[in-house]
Amino acid sequence: MDEHEKSDPLRELGERLDKARRAQQRPERAAPSEDTSSALAYGLRVGLELVVAIVVAVLIGWALDKWLGTRPWGMIGFFFLGVAAGMVNVYRTVRGLGMAVGYRRDRKTGTEANWDEDED
Amino acid sequence: MALELHPLEQFKTAKLIPIHIGGIDASFTNASLFMCLAVVVASALVILGARRRDLVPGRWQSIAEVSYEFIAKMIDDNVGHEGRQYFPFLFTLFMFVLFGNLLGLTPYGYVFTGQIIVTFALAVVVFIGVTLIGIIRHGFRFLSFFVPHGVPFVLLIILVPIEVLSYFIRPFTLSIRLFANMMAGHTMLAIFGGFVAVLGIAGILPLSVDVLLIFLELLVAVLQAYVFTILSCLYLRDAIHLH
């Protein structure tokens, strides 16, 4: 009984510390669907990633065609390349691999995952 | 009563002082004016904030210190210690974009970050700078950046062009993100503002929406400056460490 009373304040302090720590620690990676405004921003970002890749690729293909006179082929080739690049970028964004080119796993995905949610 | 003001009218550049040098239109526009203002205000904030160096900082000193530490920490977290030598550039970039966004929200203000050419120029400066840093630091090894690790040779033929393309897309996504956010916000404010005059007494409704939107826009202004800078940091990290 004596022992129990002695350990109680300590345990209580431990619990309070744990709670405070948990409150301070930001969730590792909240699901983007948790609140609508951030989900919308997330969706917009993914869309931007995909669309810009395709548009830029098609423009490059068009310019190459004009320069080399290979009319439809550059544009067709670069269109598919753009779709692929866009999808790879979307995949990277969603998986929290950051904006890095390349597939090597990032040690610091935590920071990037955080800014993912932070965007409006 | 028609809508007198077109919501997109606010993005028009107006020549304040026409200057023509050898057939190039280098006129001083309202965009130039607000860029100068952004530079002056940001410099004034930091210079005046750093003038009195108290151990317990006053208001202005606090603002200067907080913004300094914010960017310094961002670089430490995202680039690492080698990134510190690029601090002046990233800090300037952040302050310029931030004050461009914020000054655009002042009455009669002009938001130059809502111009795609401005954000694109900024993004291209970052892109070229980061690429040069990568090449100077690593020489030809920089090209290994585009070769994914541990992939069979046949797949490399497809993957390397994709990697190169996603690398060159960076300045576009970087600039469009900032530009689209600023332009969308200001257009929305103008649209609701246009309803205020048309609706008469019921105009109080769109007016209250505008008041709320201003707060949202303040948030977006700071956030987009932050996002622009942190993405530049991440690109810089790639160039320095090659992963």
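Analyst: Chain A has four helices and zero strands, where helices (H or I, at least four residues) and strands (E, at least two) are DSSP runs numbered from the N terminus. The model is predicted, so local features need pLDDT of at least 70 and side-chain atom pairs pLDDT 80 or more, while totals for chains, interfaces and linings use all residues. Residues are numbered from 1 along each chain as its sequence is written.

User: What percentage of chain A counts as buried?

Analyst: Of its 120 residues, 29% are buried, meaning under 20% relative accessible area with a 1.4 Å probe, protein chains only.

User: And how do α4(B) and α6(B) cross?

Analyst: In chain B, the axes of α4 (residues 116-138) and α6 (residues 204-241) come within 8 Å and cross at roughly 20 degrees. Axes are lines fitted to C-alpha atoms, for helices over the stretch in contact, with angles from 0 to 180 degrees between N-to-C directions. The two helices are therefore roughly parallel to each other, a label for angles under 35 degrees.

User: Which residues meet there?

Analyst: Among them, B:Leu122 and B:Val126 in α4(B), and B:Phe228 and B:Leu236 in α6(B). Contact means heavy atoms within 4.5 Å.

User: How do the residues of that contact divide?

Analyst: Into 10 nonpolar, five polar and one charged. Ala, Val, Leu, Ile, Met, Phe, Trp, Tyr, Cys and Pro count as nonpolar, Asp, Glu, Lys and Arg as charged, and the others, Gly among them, as polar.

Conventions
Chains lettered and ligands numbered in written order. Heavy atoms only, no water. Parallel < 35°, antiparallel > 145°, perpendicular 65-115°, else oblique. Buried < 20%, exposed > 50% of the residue type's maximum accessible area, 1.4 Å probe, protein only.
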